[in-house]
Structures are given as structure tokens and as C-alpha cells.
Amino acid sequence: MRRFLFSIFAGLVMMGCQADPYVVRTTNGKVRGFDEEGTMAFKGIPYARAERCMPPAPVEKWDSVMDCTEWGPQSLQGGRIQPGSAEDCCVLNVWTTDLKGKKPVMFWCHGGGFDSGTSAWNPGMCLAKKDVVVVSLNHRLNIIGFLDLSATGDPKYKYSGNVGMMDAVKALEWVRDNIGKFGGDPDNVTIFGESGGGGKVGTLMCMPSAKGLFHKAIIMSGTILNVNNKQMSEELGLAVLDQLGIPHNEPDRIKDVPYDRLYQAGQRALLASVGTRTPGTPIMWGFGPVPDGEVLLQQPFQPDFAEMSKDIPLIIGTTFNELQRGSYNREMTLDQAKDVVRTTFGDETDAYAAALAKAWPDYIPQDLPSIDWLFRAKTVITADAASASMTVPVYNYMFTWKSPSTHISAHGAELNFCFNTLHHAGRDLPNPSDSDLRLADRMAQSWANFAHTGNPNVEGLPEWHPYSRGNGECYMFGPEIEVRHNFDRELEEIINRHCFQKLDAFRATGSLR
């Protein structure tokens, strides 16, 4: 009788488990997800606990089932506490189609530089349908994630200048320990990101603690160069204390400063020390990762990555216009276009125009002031260096699709394509054409194929070969997909000479003033 009752009880327990297939046990406790467009989605899972200026700490275990059906908090940003933001923002999201599978994992780092942004910008449910598990994270940004107080001499603050990126490593450790429960393979992880997220991917490729936690990388429009060095970050950290009236030997008082006051002190400290950066300019400094020889070996893209990542297959690329404002909304002759760009290219204006015409035979005058001046030139330099130093393939691409409303291939325009979410594009593309939908499906498939095998080729499309300086191969993702070779090297060399003069001056003098 007891055996009979026990078997009934066990059966009821099993039925209860089967009644809620969206509950998964992680190392910290159970989480409950939900159906999102035919995938199993889990949002806002804590992967670490954040304390100001400290490395990420372990999450306390929980006994009940945590509801993970809404986005978790994003990092504090913009100098004020916005709804849905918090200092303790170390959460991640998972999309999967099969909890029992062993699929490649695609680990997404959102854009916004190291200053702003949220994983909620780029949901992963449609990409997950390409037979991968998608993970995205929130982590500490701006002064919350990168205030370097190590110069105070207090050992507690040794790593304070890099805790925002240490959060990302902690999220990768969570993937290693838990993603198998969500149908993912912890031994096949691709890190990918766009803009600041691409910068984060490059940074992870230079962090020893991340070694072995990822196996491939995709960097999308991510080569704005971070020039922070240890001297700069230490000077800035002490300047923040000065702005707050905190003695250098009492750094613990920083923990009691409200975020809005801390953020404003950071902006004043930038002016008083290393100077402020204009968003959208080619180099980045201030509150961001800093090489210390331990947590971060070097800044990425200078010209490539740390030796620890020489065995990481890489895709790296840009869009046609990126952050240029575009001049396609007005008539313009070639002479007028040259006059617009003359302040940038000076005596090489005619050479610039000729090189553009050579690279893009179907160009129009409006292209002269509208093509990308920020990312492609350094991406070519990085691809040259990485393909020579790495032992595995490097692939290069350009996204050339143009919005029917703005007529530009803008910074971030490719995101709804590689995530296959054109139906969420909204006013950017309210009525995607069959051609648009086909391009999105192909790009998402290419990214997923790369995650599977390290080879981004898609059956039925032109063959995509690894890049070298000699072949200069660039895969063109546009309405028509094609392959081109070293078509714009001369053009990008001219752009590099004229659009990165502040970087060249910094390297020559060590000063940003």
C-alpha cells in the first residue's frame, strides 16, 4: 500500500514538473521563463551581485522559483536614476528552443559604448530559431563600472577601474556553469556585439580571465579606439574624489554618494583632468576599461588583440555610412561635395574623391560627405593585423543595405537583420520587402553558421573566404550579396590619414589636449 501511495505521489510530482516546462534549475535556484514567439525566453536572471567599485560578487541562492518573464534592471546611466535601472544590474537573458539540446551559444554584448545601453534593445528569440542559444547581458557602465580608485592605495580598489568588464566575464562563467540546462553547449560560445558591444568583444579578447569561456567572436562596427591607460584612469579617479571633497585616503566614502551626484562629479573631473570626449568621434577615453597587465592586457584594435586570442575565429565588419549624418536629402554636384569635405581632406580632397570613385564606381556626389569615416579604416587595419597574427580564419564584411527613408546604411542598421527581427523594426522599416526579409534571414543564418562551425558560409550564397591583407576579401551584405577584394584600400588609407589626427597626436605626445 505504501509503495502504491508513493508511486501515485511520485506521478503527481512528475505531472507537476511536466505542467510547467519553463522552469529550469540553475546553480543559484530555479527560474521560470515564458514563450516568446515560439522560443523559451528567460529574462533578468541574476548572474552576479554588484557593489560600488568592487568586482562582481556571487549571487545569493534562492529557494522559490524566480519569475524571469520581464527584463531585469539596466545599468544606471545618463546621470539620473531612470525607471528600470539600478546599480545592481548584473542580469542576463536566455532564448532557446530545446532545453535538452547541445546548441552553440551566442553571447550578445549590447552597444552604447561603455557609457549607456541595455540588452533589451536586441531580443534574441528569432536568432535562437537558427538552432543556437542566445544569451545577452546587462552590466555596470560609465562611472559605476569604470571608476579607477586604485591610486588611493587601498587594496580593495585594485580592480575598480575594470569592474564593468569583470561583470561580463562573470556572465560568461554563468554560461559555462548553467547553459547546459538551457540546451546550450558551454564548449561552443561565440561572443558578439555591435558598436560599444563590439568594443566589449575586443576587450574580452584581451582579458585572461575570459580565456576558455568563449571560442569565436563577431565584432560589428566596434573599432572606435579606447586610448585609456593606467596613468589617465588613476588621474581621473583621484579627480573624482577631489570634486566630491573626499580625501584620497578615505575612498570608502564614495559608496555613500548618490548616483546623480557621482555622475556629475565624474563629468567635472573629466574636464579637470584628461578632458572630455565628443560622442561619435574616432577615439574613446574616460570611464572605460583600462589595461593594468592583469585584468586587461591591452586595449584591442591597436592594432589587433592579445596573443591569448590568436586561436579565436573572428568576423569583423562595418556598415556603409555608420555615424555620418548623410547628405542624401539634397541635390549636390561633385564640386559642391568636394567643398563640403575639403575641411577634412585639404590638399587630398581630389585624391579622396578619385579613390571613392574607384572603390564605388556607381557613387553619387552625396557619398563624399556621407560614407563612413570612423570604423572601416581601422577595421581594415585590424583585419590586416589579426589575419597575420592569428592561427585561425578572420572574416571581413560590409553591410550596405540602405534605409528607404533615410537612404543610408546607418550605424546599427544591421542589428534587426542579424537578429532576424525586421518585424520589430518599427518606424525604421515599417513595411519590410521580400528582399529585406530575405537579407535578414541570410545574415542571421550566416552568424548562426559561424557559431556552429567557425565558417559563416550559407548554402546558395557566394562563397565567403577568410580575409588576408593580400586578398582583402569583403563580404557585402546588401540587397544583392557579393564578394569584393581590396576595393577600397586606397580610399581607407586617405581617410585614416585625415580622420584620426587626434589619435595620431595623442600617440605622439601622450596628451589629449
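## A partly exposed loop residue

At 30% relative accessibility, N486 counts as partly exposed, because partly exposed residues fall between the 20% limit for buried and the 50% limit for exposed. In this predicted model, N486 is found in the loop between strand β18 and helix α13. Its phi is near 45°, a positive value in a residue other than glycine.

Most residues other than glycine have a negative phi, and most peptide bonds are trans. Another exception in phi is S221, whose value is about 50° although it is not a glycine. S221 is found in the loop between β12 and β13 (225-226). Is S221 buried or exposed? With a relative accessible area of 0%, S221 is buried. An exception of the peptide-bond kind joins Q302 and P303: this bond is cis, with omega about -5°. P303 is found in the loop between β14 (283-284) and β15.

## The sheet

Eleven strands make up an open sheet with mixed pairing. Their order is β3-β4-β8-β10-β9-β11-β12-β15-β16-β17-β18. The edge strands, each of which pairs on one side only, are β3 (34-36) and β18 (482-485). From one strand to the next, the twist averages 25°.

Several neighbouring pairs can be described individually. Strand β9 (residues 103-109) pairs with strand β10 (residues 133-137) in the parallel sense, over five bridges, and M106 stands opposite V134 in β10. Strands β12 and β15 run parallel and are joined by four bridges; here I218 stands opposite I315 in β15. Strands β15 and β16 also run parallel, with six bridges between them, and T319 stands opposite F399 in β16.

Which residues of β15 lie on each side? L314, I316 and T318 are on one side, and I315, G317 and T319 are on the other. Both faces are covered, and these residues are all buried. Strand β15 is thus mostly covered, with six of its six residues buried.

In strand β12 lies I219, which counts as buried because its relative accessibility is 0%. Leaving aside its neighbours within four places in sequence, I219 is in contact with residues including L314, I315, I316 and G317. Its other contacts include G193, F301, F305 and Y397. I219 and A448 are 229 residues apart in sequence, and their C-alpha atoms are 14 Å apart in space.

The structure holds 25 aromatic pairs. In one of them, the rings of F399 and W401 have their centres 6.3 Å apart and their planes at 45°, so the pair is tilted. Both F399 and W401 are buried. W447 and F477 form an edge-to-face pair, with 5.7 Å from centre to centre and 85° between the planes. Because W447 lies in helix α12 and F477 in strand β17, this pair ties together parts that are 30 residues apart in sequence. W447 counts as buried at 0% relative accessibility, and F477 is buried with a relative accessible area of 0%. Ring pairs also link W447 and F477 into a cluster with Y395, Y397, F450, W464 and Y475.

## Charges over rings

Two lysines can be described together with aromatic rings. K43 lies over the face of W71, at 3.9 Å from the ring centre. The charged end of K378 sits over the ring of F500, 4.6 Å from its centre.

## Helices α9 and α13

Two packed helices are described by the angle between their axes and the distance between the axes. For helix α9 (residues 349-359) and helix α13 (residues 489-499), the angle is about 145° and the axes are 8 Å apart. The crossing in which α9 passes α13 is left-handed. Where the helices meet, A351, Y352, A355, L356, K358 and A359 belong to α9, while E490, L491, I494 and I495 belong to α13.

Which residues of α13 are buried? They are R489, L491, E492, I494, I495, H498 and C499. What covers them includes α8 (334-345), α9, α10 (376-389) and α14 (501-509).

Notes. Residues numbered from 1 in each chain as written. Predicted model: local features only at pLDDT ≥ 70, side-chain atom pairs only at ≥ 80, totals over all residues. Heavy atoms only, no water. Pairing = 2+ DSSP bridges. Helix = DSSP H or I, 4+ residues; strand = E, 2+ residues; numbered from the N terminus. Axes fitted to C-alpha atoms, helices over the stretch in contact; angles between N-to-C directions. Buried < 20%, exposed > 50% of the residue type's maximum accessible area, 1.4 Å probe, protein only. Contact = heavy atoms within 4.5 Å. Phe/Tyr/Trp six-rings, centres within 6.5 Å; stacked < 30°, edge-to-face > 60°. Lys NZ or Arg CZ within 6 Å of the ring centre and 35° of its normal. Left-handed = near helix turned anticlockwise from the far one by under 90°.
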